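This report covers pockets and salt bridges. The structure comes first, then the details.

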Amino acid sequence: MKKCFATDFLRCGLSGWCFECFFTGLHSVIHKEDPKLLCRTSVWMFPIYGMAAVLSPVCKGLKNKHCSKMLRGTIYTLCIFTGEFVTGKLLKRHEACPWDYSQAKLNLQGVVRLDYAPLWFLVGLYYENLLSAES
């Protein structure tokens, strides 16, 4: 079956939303001791996560060159950080950014947390797998 950007965009957007709900729910129980595991996200996050679909040709190229998982995950992490920075700055300019990392120790202008690198590394490899799967 032919790959479709719209399908990849939807799959990336929905899976990103699910990840965000899962992790913000865990955050509520760990940091706020709320056993309800309430999660929080924004509609803005769907297209932001959906943009991972543009990584499809990057994933294919890196796999065809037989790059190691470590290199691929690092490249994906840098791509995610770039997307997070650009969208975060754009949304902040319009007072619409749903996240603010300015209180975190390892932040870049309040829109990127460098300590999230291991998480984004794993998410990048997940998206690689998702994008290489048949639709």
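## The second largest pocket

H3 gives the most to the lining of the second largest pocket, contributing five residues. This is a predicted model. Helix H3 (56-64) and H5 each supply at least two lining residues here. The volume of this second largest pocket is about 160 Å³. It is lined by 10 residues, and closest to its centre are Lys-3, Ser-56, Lys-60, Leu-131 and Ser-132.

By class, the lining of the second largest pocket holds five charged, three nonpolar and two polar residues.

## The largest pocket

The largest pocket has a volume of about 1,300 Å³. Its lining takes in 38 residues. Nearest the centre lie Glu-20, Thr-24, Tyr-49, Tyr-101 and Tyr-116. H1, helix H2 (45-50), H4 and H5 are the elements that give two or more residues to this lining. H1 gives the most, with nine residues.

The lining of the largest pocket divides into 24 nonpolar, eight polar and six charged residues.

Are the two partners buried or exposed? Arg-72 is buried, at 8% relative accessible area. Glu-128 is buried too, at 4%. Both values fall under the 20% cut-off for buried residues.

Arg-11 forms a salt bridge with Asp-8. The closest N and O atoms are 3.8 Å apart. Both residues lie in helix H1 (residues 5-31). They are three residues apart, about one turn of the helix.

The partners differ in accessibility class. Asp-8 is buried, with a relative accessible area of 3%. Arg-11 is partly exposed, at 22%.

## The Lys-92 and Asp-100 pair

Another salt bridge joins the side chains of Lys-92 and Asp-100. The N to O distance is 3.8 Å. What is the relative accessible area of Asp-100? The value is 51%, and Asp-100 counts as exposed because the cut-off is over 50%. Lys-92 is partly exposed, with a relative accessible area of 33%.

Technical notes. Residues are numbered from 1 along each chain as its sequence is written. This is a predicted model: local features need pLDDT of at least 70, side-chain atom pairs count only at pLDDT 80 or more; totals for chains, interfaces and linings use all residues. Side-chain values use heavy atoms; hydrogens and water are left out. A salt bridge is a side-chain nitrogen of Lys or Arg within 4 Å of a carboxyl oxygen of Asp or Glu. Helices (H or I, at least four residues) and strands (E, at least two) are DSSP runs, numbered from the N terminus. Buried means under 20% relative accessible area, exposed over 50%, partly exposed in between (1.4 Å probe, protein chains only). On a 1 Å grid over the protein atoms alone, a cavity is a set of points where a 1.4 Å probe fits but cannot get out, and a pocket is an open set with protein on both sides within 12 Å along at least five of seven lines; lining residues have an atom within 4 Å of a point. Grid points are joined across faces, edges and corners, and a volume is the space filled by probe spheres set on the points. Ala, Val, Leu, Ile, Met, Phe, Trp, Tyr, Cys and Pro count as nonpolar, Asp, Glu, Lys and Arg as charged, and the others, Gly among them, as polar.
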